[in-house]
Amino acid sequence: MQLALTEDELAFRDELRAFFRGRIPAEIRNRARHHVELTKDDIVTTQRILNAHGLAVPHWPVEWGGRDWTPIQRHLWHDEMQLASVPDPLTFNVNMIGPVIARFGSAEMKRRFLPPTANLDIWWCQGFSEPDAGSDLASLRTVAVRDGDHYVVNGQKTWTTAAQSADWMFCLVRTDPAAPKKQAGISMLLFPLDTPGVTVRPIELIDGGFEVNEVFLENVRVPADQLVGEENQGWTYARFLLGNERTGIAAVGQTKVRLWLAKEYARQTAVGTGTLLADPVFASRIAELENELLALELVQLRVATAPGDGRPDPVSSILKLRGTELQQAVTELLVDIAGPDSLAREGDSPEWARTSTAAYLNYRKTSIYGGSNEVQRNIIASTILGL
């Protein structure tokens, strides 16, 4: 693996840097940088600017808005976007359902859905997890029964991120309850959330936010032409989707920015006659995290440059596992820097300090979604280590 960038790659990187810092509104990037909650309009505005310049879905097929880039160029695009604190294009659209439709959807489905998905004219959400089927996703119980030109769907989804903002859902359903293996009887359907019988109910999280939801499906009629690919092949599509999701969850660039901010806050925090950043014990903690991030970035480059056959690289499980652990470690670091101010709800303490505990609590989820880290360890053990 070549670590040094070529002259052409350096020029490509610099072009991206100039675009991200010059064309994406500074107020949106500043909110993203300091982890202030972004509005739906912030996310839509950013993605439409990116899409208008061919920078929203570079990993898609060229005919649907992708770019004929090398793996290194795609890596630089994502890394530089995060380093500039540009909000990522909505992952449900660009990393999840978009690539699935591009790979497995009919020609008509591609024409119908891919352009509005890239431009965020449709905001998608993911209907996978259920009350009794989270990490063990193949145990899902939501049922779809064919009725003429429709499927009739009944069941419940939970922890559905951003369903309160979404227009459509891509949903795993059981179409063959008698299949010999539970994975074999699953299909993927697409439907709008304003379809009769769909009820979205927000779930309040421990940090006081509302970003996930319960979704109840009662006799929801879905046109049969909104079946992705073939009936009972949904597990194949879900595995393809989850491989893409796990690679993105690593968020190396975002963690770099958050660690840089932590160093700045520590430099401003007085301890004795010096600062917290000058404390040797604290400095060694920072250095260890920086080294861990560098190692993870090398793994990310390994995945990005590996010759592929279109199937997800099992090394993406390492990215997901270690990437989420480092995200959690940095949020814990920020709480420690904030000290008592991390418990304040108001007053003169900095906003970053007052919100650090909420961020720490929120980031507990990262080791669960996209396949829990326990599941990732099993994947690593079986597919990489051969145990």
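Ala 162 counts as buried in this predicted model, because its relative accessibility of 11% falls under the 20% cut-off. The residue sits in the loop between strand 3 (150-157) and strand 4 (168-174), and its phi is positive, about 65°, although Ala 162 is not a glycine.

**Positive phi angles**

- Most residues other than glycine have a negative phi.
- Ala 162, with a phi of about 65°, is not a glycine.
- Asn 232 likewise is not a glycine and has a positive phi of about 70°.
- The loop that holds Asn 232 runs between strand 7 (212-223) and helix 7 (234-249).
- Asn 232 has a relative accessibility of 18% and therefore counts as buried, the limit being under 20%.
- A glycine, Gly 339, follows helix 10 and has a positive phi near 60°.

**Strand 4**

- Trp 168 belongs to strand 4.
- With 13% relative accessibility, Trp 168 counts as buried.
- Between Trp 168 and Arg 302 there are 134 residues of separation in sequence and 34 Å in space, C-alpha to C-alpha.

**Helix 4 (residues 71-83)**

- Helix 4 comprises 13 residues, and the distance from its first C-alpha to its last is 18 Å, close to the 18 Å expected at 1.5 Å a residue.
- Ten of these 13 residues are buried, so helix 4 is largely enclosed by the rest of the structure.
- Among the buried residues of helix 4 are Ile 72, Leu 76, Trp 77 and Met 81.
- The buried set of helix 4 also includes Gln 73, His 75, His 78, Asp 79, Glu 80 and Gln 82.

**Helix 5 (residues 91-104)**

- Helix 5 bends by about 40° at Ile 97, with a proline, Pro 99, following within four residues.
- Ten of the 14 residues of helix 5 are buried, and the helix is mostly covered.
- Both Ile 97 and Pro 99 are buried.
- Other buried residues of helix 5 include Phe 92, Asn 93, Val 94 and Met 96, as well as Gly 98, Val 100, Ile 101 and Ala 102.

**Helix 10 (residues 316-338)**

- Helix 10 has 23 residues and reaches 33 Å from its first C-alpha to its last, close to the 33 Å expected at 1.5 Å a residue.
- This helix is mostly covered, with 17 of its 23 residues buried.
- Leu 319 lies in helix 10 and counts as buried at 0% relative accessibility.
- Gln 327 also has its place in helix 10, and its 7% relative accessibility means that Gln 327 counts as buried.

**Cavity**

- One cavity of 30 Å³ or more is found in a search of the whole structure.
- The largest cavity holds about 50 Å³ of space.
- The residues lining the largest cavity are His 35, Ala 251, Gln 254, Thr 255, Arg 258, Gln 327 and Tyr 363.
- By class, this lining has two nonpolar, four polar and one charged residues.
- Helix 8 (residues 252-267) gives the most to the lining of the largest cavity, with three residues.
- Gln 327, a lining residue, comes from helix 10.

**Annotated span**

- The UniProt record, an unreviewed entry, annotates residues 6-119 as "domain: Acyl-CoA dehydrogenase/oxidase N-terminal".
- In the model, residues 6-119 are 68% helix and 0% strand.
- The end C-alpha atoms of residues 6-119 lie 32 Å apart.

**Separations involving helix 10**

- Gln 327 and Pro 99 are 228 residues apart in sequence, and their C-alpha atoms are 26 Å apart in space.
- Leu 319 and Asn 30 are 289 residues apart in sequence and 27 Å apart in space, C-alpha to C-alpha.

Conventions
Residues numbered from 1 in each chain as written. Predicted model: local features only at pLDDT ≥ 70, side-chain atom pairs only at ≥ 80, totals over all residues. Heavy atoms only, no water. Bend = angle between axes of the 7 residues up to and from the residue. Helix = DSSP H or I, 4+ residues; strand = E, 2+ residues; numbered from the N terminus. Buried < 20%, exposed > 50% of the residue type's maximum accessible area, 1.4 Å probe, protein only. 1 Å grid on protein atoms, 1.4 Å probe; cavity = no way out; pocket = protein on both sides within 12 Å on 5 of 7 lines; lining within 4 Å. Points joined across faces, edges and corners; volume = space filled by probe spheres on them. Nonpolar A, V, L, I, M, F, W, Y, C, P; charged D, E, K, R; others polar. UniProt positions renumbered as here; feature names shortened; annotations may be inferred. Expected span 1.5 Å × (residues − 1).
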